[in-house]
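Please consult the sequence and the structure alongside the text.

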Amino acid sequence: MPQPRADKRLLASIHDVGPGSERQVEQLFGMLEARLGGPRFAMLVVPDHWSQHPLRENPAFQAKLRAWSDAGIEMFVHGWFHRDTATHSGAAQFKAKHMTAGEGEFLGLDEATALQRMQDGKALIEDVIGRETAGFIAPAWLYGDGAHAALAKAGFALAEDHWKVWNPASGAVLAKGPVITWASRSRMRTASSLAFSAIARQALPFTRTVRIAVHPGDVTKTSLLASIDATLRCFATTHQPSRYAEINDLKA
Ligand SMILES: [Zn+2]
């Protein structure tokens, strides 16, 4: 197997980590660890997914999260409830309805509410893992104006959306390019995500930073697992599996 180039980086992550997704996360963990040669990826933690899976009240899962963090997994704050409970109008309403299936929690929040949830999530997860979180990533990668304003004040080192990774304090863009991800919630979305990842495997080997994001629902379809596996194998040969923190001193 050829050695990946040290100046090209692969940033992989497991989304929607919490007590309610433990089994699926463990399956994805095994897959990423095997393909990336160790725990060289991130987890996006939801403090209370859909108000049904509070991390605060689950010491067993807290211990697991801390062990993963101790092993080197970077932990991001990924919203609080994940679900979008706000009402939207105009362009935000279109985005919320068509792009997120109601999972864009931070799309419609005002600045004060967004900041409170960011700070609460940061405090909770840092208390659990005993170290700083790596950053904040909004559910469905969707940020409204309130979320952007709050991010500048919340003290996170990193944030990302569909197209880039940036430093919220300075605004500096640290990596550019689409994130490769899969959709399990409908046959059509699954098909288009399979097609996109196949194109990405052809088109992105020359991109400096490649991001791959997997979700608990991906384990429900063998076609998705096969595509994820092929994509991980592909980029692990051209890009160095890296920590997000390592790109903080690189240019996009
Ligand atoms: Zn998510």
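## Basis of the values

The model is predicted; local features need pLDDT of at least 70, side-chain atom pairs count only at pLDDT 80 or more, and totals for chains, interfaces and linings use all residues. Residues are numbered from 1 along each chain as its sequence is written, and side-chain values use heavy atoms, with hydrogens and water left out.

## Helix α1

Helices (H or I, at least four residues) and strands (E, at least two) are DSSP runs, numbered from the N terminus. Helix α1 comprises 15 residues, 22-36, and its end C-alpha atoms are 20 Å apart, which agrees with the 21 Å that it should span at 1.5 Å a residue. The expected span is 1.5 Å times one less than the number of residues.

Buried means under 20% relative accessible area, exposed over 50%, and partly exposed in between, with a 1.4 Å probe and protein chains only. In α1 the buried residues are Gln24, Val25, Leu28, Phe29, Met31, Leu32 and Leu36. An α-helix has 3.6 residues a turn, so residues three or four places apart point the same way. Glycine 37 follows α1 and has a positive phi, near 75°.

## Aromatic rings

Rings of Phe, Tyr and Trp (its six-membered ring) pair if their centres lie within 6.5 Å; planes under 30 degrees apart count as stacked, over 60 as edge-to-face and the rest as tilted. By this rule there are eight aromatic pairs. Phenylalanine 29 and tryptophan 68 are stacked, because their ring centres are 5.6 Å apart and their planes are at 20°. This pair links distant parts of the chain, 39 residues apart: phenylalanine 29 is in helix α1 and tryptophan 68 in helix α2 (residues 59-70). Phenylalanine 29 counts as buried at 10% relative accessibility, and tryptophan 68 counts as buried at 10%.

Phenylalanine 76 and tyrosine 244 form an edge-to-face pair, with 4.9 Å from centre to centre and 70° between the planes. Phenylalanine 76 lies in strand β5 (residues 74-77) and tyrosine 244 in the segment after β12 (239-241), so the pair ties together parts 168 residues apart in sequence. Both phenylalanine 76 and tyrosine 244 are buried. Ring pairs also link Phe106, Phe136, Tyr143, Phe156 and Trp166 into a cluster.

## Zinc site

Donors are N, O and S atoms within 2.8 Å of the metal (3.2 Å for Na, K and Ca); water is not among the atoms, so sites may look incomplete. Asp16 (OD), His78 (NE2) and His82 (NE2) coordinate the zinc ion at 2.0 to 2.1 Å. The sequence spacing of these donor residues is D-x61-H-x3-H. Aspartate 16, in strand β1 (residues 5-17), and histidine 78, in the loop between β5 and α3 (90-99), are 62 residues apart. Aspartate 16 counts as buried at 15% relative accessibility, and histidine 78 is buried with a relative accessible area of 1%.

Two strands pair if DSSP finds at least two bridges between them. Strands β8 (residues 164-166) and β9 (residues 173-176) run antiparallel and are joined by three bridges. Valine 165 stands opposite alanine 175 in β9. Six residues lie between the strands of this hairpin, in which glycine 171 takes a positive phi near 80°.

## Alanine 60

Alanine 60 belongs to helix α2 and is exposed, with a relative accessible area of 58%. Alanine 60 and proline 19 are 41 residues apart in sequence, and 8.8 Å apart in space from C-alpha to C-alpha.
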